[in-house]
Amino acid sequence: HEGNFWFVSSRQGVMKIVEDRFFDVSKKAGMDAMVVNSTCCFDGKIYIGTDTGLRILDRITYKEISNDLTKKLDGVRIRCITKDGDDNLWFSTYNGDIGVLKYSKEGEISTIDDKDGLLSNWVRSTRVLSDGRIAVAASGGLNIISDDRVVETYDSSDGIKNTEILTICEGPSGELYLGSDGDGIYVADPVHSKSVTRLSLDDGLESDVILRIKRDHVDPELFWIITSNSIAWMRDEKITTLQHFPYSNNFDLYFTENGMVWILSSNGIYVLQRAELLADRENMDYTLFDTACGLPSVATANSYS
């Protein structure tokens, strides 16, 4: 009655075939297997950042598109693709050559690298701030870009001991929460002062490796933190680590309008109510999408989708 197919055999037992819950975009497009670090849907196209360049697919036909942008980024490792409020795309490259690449809605290509004041050409991610400026996480610390120029820099001289920044999140007053690769969270305040403070294990973190910090989509004073071994939430810079989430090796989380949270993990995708996550009760009510459900592969660590 559910439309499944059942097969019985005198030698192999019983087999059930069900409809796949997932659509394999790579398979539909005829692409070879590859590591995908970032995706961005824009203007009827899917932009796919890989270790060996950029792939662009038409969202209707899934046919691959080649243009000046794909040629420019051929062979370049792309870590993050971000769309700003003016419909420009920002590409974080990680090959020591290009730095940050901006692709305007008119199709113009420009780059900002270490010759322009960028701390490093090894860029992990970019984040669009509320005032339209671009925050850049590079090997060496944090840069802020305005009008295509580097206008601010935060590095070791400002108290950032571990300058490998994995994630950037903006607070309600313009403060920036910077998740580091081993030294907790740095809090920079580019609006009121250039001071940098730090949150660490002593403040409630279970790990000082911070993979992701995200502002809650309902409560602007609440932040979600994914470390290398836990999920936590933060309010007024007080951190509470969840004790009953069923898995520890998580990468990212996303919110939906109906109050659900999708958590990308190394063993699949957990989906549960936001209220369920906040309650942190034993035996959380969740759904796990994994390979048994037809998921063709798991999420890439440190990826941006």
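**Reading salt bridges, strands and surface in a predicted model**

The structure holds 15 salt bridges.

Biologist: What should I know about the model before I read it, and how are its residues numbered?

Modeller: This is a predicted model, in which local features need pLDDT of at least 70 and side-chain atom pairs count only at pLDDT 80 or more, while totals for chains, interfaces and linings use all residues. Residues are numbered from 1 along each chain as its sequence is written, and side-chain values use heavy atoms, with hydrogens and water left out.

Biologist: What is a salt bridge, and which residue forms one with Lys-83?

Modeller: Side chains of opposite charge can pair when their charged atoms come close. The term here means a side-chain nitrogen of Lys or Arg within 4 Å of a carboxyl oxygen of Asp or Glu. Lys-83 pairs in this way with Asp-87, and their closest N and O atoms are 3.7 Å apart. Lys-83 is partly exposed because its relative accessible area is 38%, where buried means under 20%, exposed over 50%, and partly exposed in between (1.4 Å probe, protein chains only). Asp-87, at 30%, is likewise counted as partly exposed.

Biologist: Which parts of the chain does the pair of Arg-133 and Glu-152 link?

Modeller: The side chains of Arg-133 and Glu-152 meet in a salt bridge of 3.0 Å, N to O. This pair links distant parts of the chain, with Arg-133 in the loop between strand E11 (123-128) and strand E12 (134-138), and Glu-152 in strand E14, 19 residues apart. Helices (H or I, at least four residues) and strands (E, at least two) are DSSP runs, numbered from the N terminus. Both Arg-133 and Glu-152 are buried.

Biologist: Where do Asp-183 and Arg-198 lie, and are they buried or partly exposed?

Modeller: Asp-183 and Arg-198 are joined by a salt bridge of 2.9 Å, N to O. Asp-183 is in the loop between strand E16 (176-180) and strand E17 (185-188), whereas Arg-198 is in strand E18 (residues 196-199). Asp-183 counts as buried because its relative accessibility is 13%, but Arg-198, at 40%, is partly exposed.

Biologist: How many bridges join strand E3 to strand E4?

Modeller: Two strands pair if DSSP finds at least two bridges between them. Strand E3 (residues 36-42) and strand E4 (residues 45-50) run antiparallel and are joined by six bridges, and the partner of Thr-39 in E4 is Ile-48. Their hairpin has two residues between the strands, and Asp-43 takes a positive phi near 55° there.

Biologist: Which residues make the nonpolar surface patch?

Modeller: A patch is made of residues with over 30% relative accessible area and no salt bridge, where like charges are joined within 9 Å and nonpolar side chains (Val, Leu, Ile, Met, Phe, Trp, Tyr) within 5 Å. Accessible areas come from the Shrake-Rupley method with a 1.4 Å probe, and for residues only the protein chains shown count as cover. Phe-5, Phe-7, Met-15 and Ile-17 make a nonpolar patch of about 410 Å², to which strand E1 (5-9) and E2 each give two or more residues. Ile-17 is found in strand E2 (residues 13-17), and at 40% relative accessibility Ile-17 counts as partly exposed.
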